[in-house]
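Here is a colleague's note to read beside the sequence and the structure. Please take the points in order and find each residue in the view before moving on.

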Amino acid sequence: MSNPEKFSHLLPQGEKFFRALHDGHVHNPLGAASYVYEKEFIKPVMRYLGVIPSSASFPPNDEDELVPEPSTEPTVLPGEDDVDSDNDSAIVLSEEKTCTTVIIHIGAQPNNSPHVGTIVTFTLAFILAQHLQTEFLKLRARALAQRVKKARTSSSAAVVADAEGGDAFPWADSLRAIVQLDLVDTAPDNSRTIVRDGITYQQSHRVTGAMHAFLADYHALLAELSAFTHGTVAYRVTNQEDTMRAPAMLGALRALVRGRERLAPELAPYREALTLRAACPVEGCGLADKHGVHNTYDVAEAETRVTFMCPEHGPHTLVLEDADDRARIELNTPLRNLARALV
């Protein structure tokens with residue numbers, strides 16, 4: 001309001017402020033995700049990840065069925081021809097234990113101790129990992145119960161034929177969720193940033209080592225969160241070098257370089273340059289063109305060369321197909337997110 005004084009005569013006598021009353025109800029309109037995750041969150045996530053076989057179905061009408069507790073014993077089905085008076089013999093579906101691994105990526109620029117937003121995000125990752133592991137076993141037990149129920153209503157010949165030659169139980173025996181902290185050690189050390197001829201050059205935390213003042217706090221937080229899950233959720237810590245060395249990253253980086261004329265204006269509209277950089281390899285330098293303004297690219301069928309400019313030592317070139325060269329690559333946040341999504 002432009003002139004709040006004109007409303008002063010509406011204030012109750014003796015009051016300095018208006019009083020706002022709320023009915024206690026939230027009046028936000030529902031979004032699409034509100035419908036998708038209306039009743040549950042973990043199961044749709046596992047379907048999206050592909051750890052639930054596509055043939056599995058869990059409609060609401062079977063939720064109240066008696067489901068056995070998840071077991072570590074070999075998965076079995078009863079066969080009518082093998083029943084004796086004391087014990088139901090079984091057809092073994094899987095004698096070898098199998099495990100599906102899911103990695104939950106969390107990231108941080110280690111330029112300060114973890115703040116409350118970081119702590120909340122990391123905590124959510126560990127809780128999600130724990131629920132993925134436990135809910136997978138529950139859903140697997142439900143699927144097995146459905147299979148056993150169906151088998152008991154079938155002829156023994158059909159059960160034997162199915163178990164021996166066809167549709168084996170398609171579930172893994174367990175799911176392991178690992179929380180992986182990807183440290184963005186290529187983030188700029190702001191105390192080591194300079195400007196030359198209008199171009200910003202940076203030294204990263206990887207170069208200056210400034211991040212080591214805070215790393216112990218991150219390791220302590222991860223250890224506490226793992227203990228919070230009673231040690232059921234494992235974790236590991238990686239740097240950007242590990243991410244860049246991944247074989248799948250080569251294809252992602254080549255795609256980014258090949259599409260730079262379209263991507264640069266979209267991801268970096270101010271400078272319209274692909275924000276891909278590498279620190280000067282000269283010992284004691286480590287400067288990098290922060291926004292990739294002077295980068296040049298040579299893209300061939302079998303080799304992708306990127307040349308960077310150091311204000312002190314001139315151009316230096318790396319080849320994406322060389323894992324050691326690729327480990328030197330630094331990406332800004334939008335480009336890094338896109339590369340990871342492609343991987």
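1. Glutamate 266 and arginine 262 both belong to helix H9 (residues 260-267), where they stand four residues apart, about one turn of the helix. Helices here are DSSP runs of H or I with at least four residues, strands are runs of E with at least two, and both are numbered from the N terminus. The two side chains form a salt bridge whose closest N and O atoms are 3.9 Å apart; the term stands for a side-chain nitrogen of Lys or Arg within 4 Å of a carboxyl oxygen of Asp or Glu. Glutamate 266 is exposed, with a relative accessible area of 52%, and arginine 262 is exposed as well, at 54%. Here buried means under 20% relative accessible area, exposed means over 50%, and partly exposed lies in between (1.4 Å probe, protein chains only).

2. Please keep in mind that this is a predicted model, in which local features need pLDDT of at least 70 and side-chain atom pairs count only at pLDDT 80 or more, while totals for chains, interfaces and linings use all residues. Residues are numbered from 1 along each chain as its sequence is written, and side-chain values use heavy atoms, with hydrogens and water left out.

3. The structure holds twelve salt bridges. In one of them, the side chains of arginine 196 and glutamate 312 meet at 2.7 Å, N to O. Arginine 196 lies in strand S5 (residues 194-196) and glutamate 312 in the loop between strand S11 (304-310) and strand S12 (314-319), so this pair ties together parts that are 116 residues apart in sequence. Arginine 196 counts as partly exposed at 34% relative accessibility, and glutamate 312 counts as partly exposed at 45%.

4. Aspartate 324 and arginine 245 also meet in a salt bridge, at 2.9 Å from N to O. This pair links distant parts of the chain, since aspartate 324 sits in helix H10 (residues 323-326) and arginine 245 in helix H7 (residues 240-245), 79 residues apart. Arginine 245 counts as partly exposed, with 32% relative accessibility.

5. Which residues touch the most other members of the largest nonpolar core? Of its 36 residues, they are Met46, Ile52, Phe122, Leu132, Trp171, Leu175 and Leu181. A nonpolar core is a set of buried Ala, Val, Leu, Ile, Met, Phe, Trp, Tyr and Cys residues joined through side-chain atoms within 4.5 Å. The elements that give two or more residues to this core are H2, strand S3 (99-108), H3, strand S4 (174-183) and helix H6 (215-228), and the largest share, ten residues, comes from H3.

6. Helix H2 (residues 42-49) and helix H3 (residues 116-152) have axes that come within 10 Å and cross at roughly 85°. Axes are lines fitted to C-alpha atoms, for helices over the stretch in contact, and angles run from 0 to 180 degrees between N-to-C directions. The contact (heavy atoms within 4.5 Å) involves Ile42, Lys43, Val45 and Met46 of H2 and Leu128, His131, Leu132, Glu135, Phe136 and Leu139 of H3.

7. Aspartate 197, in the loop between S5 and strand S6 (199-202), has a phi near 50°, a positive value in a residue other than glycine. Aspartate 197 is exposed, with a relative accessible area of 83%.
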